[in-house]
Amino acid sequence: MINELKRVYAGKKVFLTGHTGFKGAWLLKILHMLGAEIMGYALEPLQQPNLYEVLQGDSLCHSVIADLRDSAGLKAAVLNFQPDFIFHLAAQPLVRLSYQKPAETFEVNAIGTANLLDAVAQLNKRCDCVLITTDKVYHNYEWERPYHEEDRLGGYDPYSASKACAELVIDSYRNSFFNINTYQQHQKAIAVGRAGNVIGGGDWSKDRLIPDIVRALIGNERIEIRNPDAVRPWQHVMEPLGGYLLLGAKLNTHPQQFAQAYNFGPVVTDALPVSKMVEMAIQAWGSGEYFINQSPNQPHEAGLLKLDINRAAGQLSWLPQYNALEAVENTIQWYKQFYEHRQHIIKFTEQQIGQFLA
C-alpha cells in the first residue's frame, strides 16, 4: 500500500484540520512519511502529554493554530495554501464533554464543517476532500444488524447529533456546489469517512477507554469501567487512516465515482464489549485489575453499535488488517515504549506505520 500512496501524495499539498489531535497527529506523521507538503489547522493540543508534541509535529508541517469557527481565518488559510487534498478531522470529539458544552459542540462540528466547505467553494482549482465524521452519526436503534451508509442519521447525545448535522451540511454542499454532474466546472470531489471506535498509542484524552486504562496501569490503580457491556466496533488507528488515504487516492483518479460516504470499522466479530477490551489490555500490559462503577446519574451512551464495511471492502478494496486483540497489543506496546524508552518513540511510531502500510 505504501508505494501506491506515495505515488498519490508525494509532493502534493495536503490541508489537514485537527492535526494536533490524536488521529490528526497520526495522519500528519503518515502524510509526512509519504512525502506530502502539509498545512495543519487546529487548536492547541488539549492535554499534556500529547501525540502532536511527542512526534515533534511542528517539524512535519506548517501549523496554523486557529479555530474552525473563525470562518475568515480558515478561508484565508485554505486559499493561501491552495491544497490538492483536504482531510477534515478537526472536531469536538467527546460524547461526555458534549453534554457539558452542547452548543459549542454543534458550533464546532456542524458550523465548522460549513466554514471549511465555504472555503473549498472559493478554491479555484481541483481539490479532493475527505471529511471525517463518526460511526455515531446513525440513529441508534441498538439492534444487532450493523449500520450501512444508507441508514437513517441521527443522534441521542449532542456529539452524535452534531456529527449527523455535519453530514447534512456536507450533503447540502455536495448537492448545491459540488454536484458530481457538474464536476468539470467546479472540480471538487467530497467524500465522507465514518470510523468506528479508534484506539492506538498517543491518545491521552479524558473519558476514553484506552487512555483511562493506561492512566490506571501507570499509576498502579484499579481500572474503573462505567459501561462494561457496551459493544463498540474497536479498531487500531491505522485502520481508518489507511482507509481515508485510500479514499483520497480513489477520489484523485475517479472523483465522481467515489464522492460518497464510507464506513471504516472492524469485521463484525471484533465489535466487542468494553469488559473484553479491558481484559485484553490487562493481558497485553502484563498486570492490572478492574472494577465496575455504573453510576445511575451518568449521561446516556449507546449500548450497542456495529458497522457494515461492505461498501469500503467492495469499492475501495479496503479491509481491516488487525483483529481486536492485535489492535490492543499494538496500542499497549506503543504506551510501554513511550513510558520506558521515550527517546525512541518517534522511531517506534514510524515502525508501526511502516509495518501496517507494508
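**View 1. Helices α1 and α10 are oblique to each other.** In this predicted model, α1 (residues 2–9) packs against α10 (residues 238–253) at an angle of about 55°, with the axes 10 Å apart. That angle is therefore oblique, the class left over once under 35 degrees is called roughly parallel, over 145 roughly antiparallel and 65 to 115 roughly perpendicular. Axes here are lines fitted to C-alpha atoms over the stretch in contact, and angles run from 0 to 180 degrees between N-to-C directions. The crossing of α1 and α10 is left-handed (the near helix is turned anticlockwise from the far one by less than a right angle; clockwise would be right-handed). On the α1 side, the contact involves E4, L5, V8 and Y9, and α10 contributes Y244, L245, L246, G248, A249 and N252. Contact means heavy atoms within 4.5 Å. Helices (H or I, at least four residues) and strands (E, at least two) are DSSP runs, numbered from the N terminus.

Two notes on reading these views: residues are numbered from 1 along each chain as its sequence is written, and side-chain values use heavy atoms, with hydrogens and water left out. Because the model is predicted, local features need pLDDT of at least 70 and side-chain atom pairs count only at pLDDT 80 or more, while totals for chains, interfaces and linings use all residues.

**View 2. Helices α9 and α12 cross right-handed.** The axes of α9 (residues 209–218) and α12 (residues 274–285) come within 11 Å and cross at roughly 40°, which makes α9 oblique to α12. Here L209, I213, L217 and I218 of α9 meet V274, M277, V278, A281 and W285 of α12.

**View 3. F264 and W318 form an edge-to-face pair.** Their ring centres are 5.1 Å apart and their planes lie at 85°. Rings of Phe, Tyr and Trp (its six-membered ring) pair if their centres lie within 6.5 Å; planes under 30 degrees apart are stacked, over 60 edge-to-face and the rest tilted. F264 belongs to strand β10 (residues 261–264), and W318 to the loop between α13 (310–316) and α14 (324–340), 54 residues apart. Both F264 and W318 are buried (under 20% relative accessible area; exposed is over 50%, partly exposed in between, with a 1.4 Å probe and protein chains only).
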